[in-house]
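Visitor: Hi! I'm new to this one, could you walk me through it?
Guide: Happy to. Let's have it in view first.

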Amino acid sequence: MSAFRCGLRPLSRHWLAAGVAALLMLTGCASAPTPAPRPAPAPVLATKPVPPAPVATPAPAPRVELPPYAPLSEIATASAVPPTVTMLSAPQDIWDRIRRGLAMPDLDNELVRDREQWYASRPDYIQRMTERSSRYLFHIVEEIERRNLPTELALLPFIESAFNPQAVSSARAAGMWQFMPATGESFDLKQNVFRDDRRDVLASTRAALDYLEQLYGMFGDWHLALAAYNWGQGNVGKAIARNKAQGLPTRFSDLNMPPETRMYVPKLQAVKNIVARPEAYGTQLPAIGNHPFFDTLTIDRDMDVAVIASLAGISERDFRTLNPSIKQPLVMAAGTPNILLPWDNAKVFEDRLKTYRGTLASWTAWVAPSNMTVAQAADQVGMSEAELRDVNNIPPRMKINAGSSLLVHRSGARDRDVSEFIADHAKLSLAPDVILRKSVVRARKGDTVTRLAQRYGVSPASVAGWNGLGASQGLKAGQRVTLMLPKAVTVASDSKASRKSRGADGRKATAKAEKPAKSQGSAKTQAKASAKSAAPAKAGKGKRAEVKVANAGSKGERKKARKN
């Protein structure tokens, strides 16, 4: 048998060699079929022989030895039915919606446990807070989701103000989100005698979320952003810098903070935990539907609050609950073009307004052309002095400075809507109406603070405050008492001793009397300035020492001045 037929040397064509080798191994040489004869090559007409082209010899095919028994793996049958798709149902209520968006890292420490216990032990407080929040939560959650922020932020007004838009802190922070005056101005929240946008539901929510986004972008951590919202971004930045300088970590729990800020994030975490699992804390949250509570309407004319409430079919109190930024009985379209009304009442208002033919506004703004008393201003605008004082909250013994904006009856030449400039920049600047002089008198035998005050036409509380005495305290004969009296009042004397000292004491008091304080733009500032300039003299080792005194006027008058 030739080498071609029985040998293992492969042919020149690789595929043929592999096929033949496999065939020979399986069937043996004897049973191999005879290959077909090659066709005769065509004659080559060449005088010089051509050497054959070199042929590359392929590497031999690897020998594959199979085990005696190699079972095949089972072929599985895949199901043609697609996997089940989990359908997302709509949130049952606003609490369920908030739970689905919680995204901040949890804080877990003893301070959180303490606040959880504090809230859980006050179910009445939680009930009042959550019921109050029912008017505003849907709008806040909508805004938070639109910005793709954690829904924990919707719970922040619980910590800041217990969801009371009229809340004012001792540091003068106001509204649901507790904006300080300067911070509010930086976020375009107008504050003047006619309105305070820090209390406005829409404007303050917009500003608060803008501020929180800004702080998160600055610190990259929500706990630090919340601390900065409470303490100030500068303070948090300095605390982080101090820790870095000392090689310490800079997380919220690692920073040195005031107690209020230290408890701020734990308070929010505690409220978050209670909202997430109220049953675990024995708390029942009131049902708040996942739908709007109010609708936003645009007005293009000034309107009285009473008219809006009447057309909408609600009370003025309910209107002010949704529109807490409005201080006066007038809504100025140039300053507050958007009003909020309960969802169903908004449609009622729109329908009734179309057919309403009465007066829309009975008030407007009037700017004082010069310095004048309240009586003079009342005479110019055709109002009583008492009514003008009451509607503009002007305390007694104060006069009006030029440029002050007052709310007055709308009639005649003043029958027009308030301009945008006045609506945005209205101010009330007051100054003392009466110039007071510091005088020292001596008490009669049997005098009391009350009797002496009646004699000089001032309030007992004022005399007591000027001298650090009780309002009904008795006085010794000849005791020196300091009084703040109008310039025209003459100091009376009731004894020979007082007559002897009257000239010297009276002249000394008059000579040392300080000039009245200049206007600083508010009655409260004037009250402080008047009190400071009227410090009484206190006898002691022949020297006079200044002491702090209360402002002239009764206790009720001082309260009214502080309120303004």
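Guide: One term to start: a contact means heavy atoms within 4.5 Å. Helices (H or I, at least four residues) and strands (E, at least two) are DSSP runs, numbered from the N terminus. This is a predicted model, where local features need pLDDT of at least 70, side-chain atom pairs count only at pLDDT 80 or more, and totals for chains, interfaces and linings use all residues. Residues are numbered from 1 along each chain as its sequence is written, and side-chain values use heavy atoms, with hydrogens and water left out.

Visitor: Thanks! Which residues in helix 9 meet helix 11?
Guide: Tyr211, Gln214, Leu215, Met218 and Phe219 do, and they meet Gln233, Val236, Gly237 and Ile240 in helix 11. By class, that contact has six nonpolar, three polar and no charged residues. Here Ala, Val, Leu, Ile, Met, Phe, Trp, Tyr, Cys and Pro count as nonpolar, Asp, Glu, Lys and Arg as charged, and the others, Gly among them, as polar.

Visitor: At what angle do helix 9 and helix 11 pack?
Guide: About 15°, with their axes 12 Å apart. Axes are lines fitted to C-alpha atoms, for helices over the stretch in contact, and angles run from 0 to 180 degrees between N-to-C directions. Helix 9 and helix 11 are therefore roughly parallel; angles under 35 degrees count as that, over 145 as roughly antiparallel, 65 to 115 as roughly perpendicular and the rest as oblique.

Visitor: And what about helix 10 and helix 12?
Guide: Helix 10 (residues 222-231) and helix 12 (residues 259-276) pack at about 130°, and their axes are 9 Å apart. That makes the pair oblique. From helix 10, His223, Leu226, Ala227, Tyr229, Asn230 and Trp231 meet Glu260, Thr261, Tyr264, Val265 and Leu268 of helix 12. Sorted by class, this contact has seven nonpolar, three polar and one charged residues.

Visitor: New topic: is Glu152 buried or exposed?
Guide: Buried, because its relative accessibility is 1%. Buried means under 20% relative accessible area, exposed over 50%, and partly exposed in between (1.4 Å probe, protein chains only).

Visitor: Where is Glu152 found, and what does Glu152 touch?
Guide: Glu152 lies in the loop between helix 6 (137-146) and helix 7 (156-160). Leaving aside neighbours within four places in sequence, its contacts are Gly101, Leu102, Ala103, Met104, Leu268 and Lys272. Leu268 also turned up in helix 12, where helix 10 meets it.

Visitor: How far apart are Glu152 and Val275?
Guide: They are 123 residues apart in sequence and 9.9 Å apart in space, C-alpha to C-alpha.

Visitor: How many residues of helix 13 are buried?
Guide: Six of its eight, so helix 13 (residues 305-312) is mostly covered. The buried ones are Val305, Val307, Ile308, Ala309, Leu311 and Ala312.

Visitor: What do those buried residues pack against?
Guide: Strand 2 (303-304), helix 14 (316-322), strand 3 (330-331), strand 4 (338-342) and helix 15 (343-355). Just after helix 13, Gly313 takes a positive phi of about 75°.

Visitor: What about Arg389, buried or exposed?
Guide: Arg389 is buried, with a relative accessible area of 15%. Arg389 belongs to helix 17 (residues 385-392). Not counting residues up to four places away in sequence, Arg389 touches Val374, Ile394, Pro395, Pro396, Arg397 and Met398.

Visitor: Last one: how many helices and strands are there in the protein?
Guide: There are 23 helices and 12 strands, and buried residues make up 40% of the 564 residues.
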